[in-house]
Amino acid sequence: MRTLLAAMDKIGYGNLSGRGRQELRGAAARMEQRLPDLFRRIAQDSEPIDVVNSGEARAVASGNVFTDALAADDPALKPLIRPARTERDLLYFHKSAGGAAYRDYIDHDQRLAATLNSITDQPATRQAARRVLERIFTPAFVQRIADGEFSSIASDVDAAQAVYNLYAIAPAMSAEMPDGRSLPMERYIAPRDAAWFGYLSDAEDFYEKGPGFADSDITYKMADVLLDDFFQQVEAKRDGTSTLGAELRFTHAEEIIPLAALMGLPGSTEAATPDRPYTYEDNTWRGASVAPMAANIQWDVFRKGDTY
């Protein structure tokens, strides 16, 4: 924990880590390498590259790293990259006015709370929590945690989830570690227990951000504003009313996950019914696939004659 905290202090809590910068540079390089004719024409015709972000520090930094990588790979693009601008309603909609109903769902929906409680409150969770904690503490001390003796932690399950959260964060902080490698968290949490707590985390994101309940679109309806913008930019280019060569948007998992569900992207096609809650066995949704650290949803427009 001290090692991780020191690393976070180095970059600032919530800011872009070295691993994040590496992934963004890689995404920029692959985009340019995959579409060389597009970027050649952008440079030749002096088409602007528009950059939009949510206004949050990590999204702003992500845009800067991405566009710096584009300019480094092709210096002719550098003068075409516009100064970044912020559109919170578009790229932070879960906290904007358009997300009011969604926030009420998160805070007050009884079905959501009951479903997540039923998923977490299983014998498998308590068993996994005991195994995790007993790798670190004596059984007697673990029992004191389970009995609620310590005001800073509610239960043995909460304590084990805290250990899992360190396990999940560590790879993203590898560049800030003294030896450039992620912490050896496998010492403290076995693969089967990490997988179980990973499932619990996925279940929370599935119901709070992803496909959710089959009879409701509350988790992803608010992404309409972003999907509409994709279409508006594409149609303006088709109609000759836009001179942009590219529109680059930088946002967060809270926007990526709903957009993937709204678009029905692979892995985000199946909601859960009340009588069949989300499980790994009968649903392909995985947070690691839908919203990895440097996620990218990209539309490329091709023209053949008058067809786009």
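The model is predicted, so local features need pLDDT of at least 70 and side-chain atom pairs count only at pLDDT 80 or more, while totals for chains, interfaces and linings use all residues. Residues are numbered from 1 along each chain as its sequence is written, and side-chain values use heavy atoms, with hydrogens and water left out.

I start with H10, residues 156–169. Helices here are DSSP runs of H or I, at least four residues, and strands are runs of E, at least two, numbered from the N terminus. At the start of H10, a side-chain oxygen of serine 155 comes to within 3.3 Å of the backbone nitrogen of valine 157.

Which residues of H10 are buried? They are Asp156, Val157, Ala159, Ala160, Val163 and Tyr164. They sit on the same side of H10, because they cover an arc of only 165° around the axis, taken from the directions from the helix axis to the C-beta atoms. Buried means under 20% relative accessible area, exposed over 50%, and partly exposed in between, with a 1.4 Å probe and protein chains only.

Next, salt bridges: a side-chain nitrogen of Lys or Arg within 4 Å of a carboxyl oxygen of Asp or Glu. The structure has 18. In one of them, lysine 237 pairs with glutamate 47, with the closest N and O atoms 3.1 Å apart. Lysine 237 is in helix H12 and glutamate 47 in the loop between helix H3 and strand E1, so the pair ties together parts 190 residues apart in sequence. Glutamate 47 is buried, at 11%; lysine 237, at 29%, is partly exposed.

How values were computed
The expected span of a helix is 1.5 Å times one less than its number of residues. A polar contact is a pair of N or O atoms within 3.5 Å; within protein, one must be able to donate a hydrogen and the other to accept it, and residues adjacent in sequence count only if both atoms are side-chain atoms.
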